[in-house]
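User: Could you take a close look at the annotated binding site and walk me through what surrounds it? I'd like one connected account, with the cut-offs spelled out as you go.

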Amino acid sequence: MCSSKAKVTVGIEATNINTAATMARINGRPVLQPTCNRVPSLVERRNSIKKVLSPPLLPGKVGSLTTPPVSPKSKSPRPPAVKRSSGGSDGNNGLNSSSEKIVIPRSSVTKAPSLERKKSKSFKEGSCVVEASLSYSSSLITDSPGSIAAVRREQMALQQAQRKMRIAHYGRSKSAKFERVVVPLPDPSSTTLPSKIIDEEKRCSFITPNSDPIYIAYHDEEWGVPVHDDKMLFELLVLSGAQVGSDWTSTLKKRQDFRAAFSEFDAEILANLTDKQMMSISSEYGIDISKVRGVVDNANRILEVKKDFGSFEKYIWGFVNNKPISTQYKFGHKIPVKTSKSESISKDMVRRGFRFVGPTVVHSFMQASGLTNDHLITCHRHLQCTLLAAARPYCGTP
């Protein structure tokens, strides 16, 4: 126990005994303490800083230590690490001594130039700075001998030279897409045009380069032309019914057989055919017997129509007021397979006893006989059929 008059020291008073340990007094009792536990005073800290900063600073040195080269990847230079030692003199060899911390002013350190990537793709000549690039220059690849680009460039130059030689020898060729053929208007008095002009003119879209010549001739000469002959009207009615389920090309190729089988479509002769004769026609020409019977029945109906109207032509053309219907179709898919007019004609003919005269067959018959002009407006036959219809006024006789 200590007396009340004795001084009680709470702090630690340290005195240097040797380099390894110090003598401190705790509550007036001397205690041996290691150097690492000693806390330097403020005066000692200031003296240590002044001692470090006293030698002159050189551009590449700090005190007596030389700064290592700065790495290009480092953002800012760091001070070199100081190797710790277990012992030392002058109180600077402690493990936790603050004198080991070296303070480096920012102004005394020179910042090393960092490498910067530039977007230039070529090297700068005549300068000591080489610009970094991520890829080689395209000019180096193009100009390098034996490269793919150089070979390709030589090939293109050779092709251009050959093309110029061909143009100089043969002349510059014109594209058929840009050629325009000026076709004069046809003469209303003539029903046909020279074949050379027809080949250059445009037809309806359903006429293709692969179309049969017989079908092309039918389109250019008969389809849409107004017909006023009873026998021809009867023939076109039979052909329109025969092409159902087939096509016009196949039907037109059998046209001569139909004429021979049905006595050139003379209604008076066909009306008197017997069953034996109809069977003979069917077997000889390969025509279905039902169609043969239908043609004979229609021949009898035409004779009845002639008694009522005077002719089959008057009866048919009376539905369109003796004037062809002129349509203005621009595209082939716009042409209908039947119309309200063909439906009304079909109903009346069925009421009179005609066979194979549905709305679709009647509309095809109207197109073939010229009751309606369904040529596209881009087709050269559209205007010709219109002029032919206007050139022949209706006179009341076939």
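Analyst: Let's start at cysteine 379, which touches Lys202, Arg203, Cys204 and His219 once residues up to four places away in sequence are left out; a contact here means heavy atoms within 4.5 Å. Before going further, the ground rules: this is a predicted model, where local features need pLDDT of at least 70, side-chain atom pairs count only at pLDDT 80 or more, and totals for chains, interfaces and linings use all residues. Residues are numbered from 1 along each chain as its sequence is written, and side-chain values use heavy atoms, with hydrogens and water left out.

Cysteine 379 sits in the loop between β7 and α15; helices (H or I, at least four residues) and strands (E, at least two) are DSSP runs numbered from the N terminus. Cysteine 379 counts as buried because its relative accessible area is 4%; the cut-offs are under 20% for buried, over 50% for exposed and partly exposed in between, using a 1.4 Å probe and protein chains only.

Now the annotation itself. The unreviewed UniProt entry lists Cys204, His219, His375 and Cys379 under "binding site". Those UniProt positions are in the numbering used here, feature names are shortened, and an annotation may be inferred rather than shown by experiment. The four residues are spread over 176 residues of sequence, yet they cluster in space, with a largest C-alpha distance of 10.5 Å.

Histidine 375 is in the loop between β7 (372-373) and α15 (380-391). Histidine 375 is buried, since its relative accessible area is 0%. Leaving out residues up to four places away in sequence, histidine 375 touches Cys204, His219, Trp223, Gly224, Arg381, His382 and Cys385. One of those contacts deserves a zoom: the side chains of histidine 375 and histidine 219 are joined by a polar contact of 3.4 Å. A polar contact is a pair of N or O atoms within 3.5 Å; within protein, one must be able to donate a hydrogen and the other to accept it, and residues adjacent in sequence count only if both atoms are side-chain atoms.

Helix α5 covers residues 213-221, and its buried residues are Tyr215, Ile216, Tyr218, His219 and Asp220. Aspartate 212 caps the N-terminal end of α5, with a side-chain oxygen 3.0 Å from the backbone nitrogen of isoleucine 214.

Aspartate 229 is partly exposed because its relative accessible area is 41%.

What about α6 itself? It has 13 residues and reaches 18 Å from its first C-alpha to its last, close to the expected 18 Å; that expectation is 1.5 Å times one less than the number of residues. α6 is mostly covered, with 11 of its 13 residues buried, including Asp230, Phe234, Leu237 and Ala242.

The largest nonpolar core has 45 residues, and those with the most contacts inside it are Phe234, Phe258, Phe262 and Phe312. α6 gives the most to this core, with 7 residues. A nonpolar core is a set of buried Ala, Val, Leu, Ile, Met, Phe, Trp, Tyr and Cys residues joined through side-chain atoms within 4.5 Å. Apart from neighbours within four places in sequence, phenylalanine 258 is in contact with Val238, Leu239, Ala242, Phe265 and Ile287.

Past α6 comes glutamine 243, in the loop between α6 (230-242) and α7 (248-253). Glutamine 243 counts as buried because its relative accessibility is 15%. Its side chain reaches the backbone oxygen of serine 240 at 3.3 Å. Beyond neighbours within four places, glutamine 243 is in contact with Trp248, Thr251 and Ser364.

Finally, confidence. The protein averages a pLDDT of 73, and 58% of the residues score at least 70; pLDDT is the predictor's confidence in each residue, from 0 to 100. Over residues 85-101 the pLDDT is below 50, with 24 contacts in the model beyond near neighbours in sequence. Where pLDDT is low, the predicted coordinates should not be read in detail.
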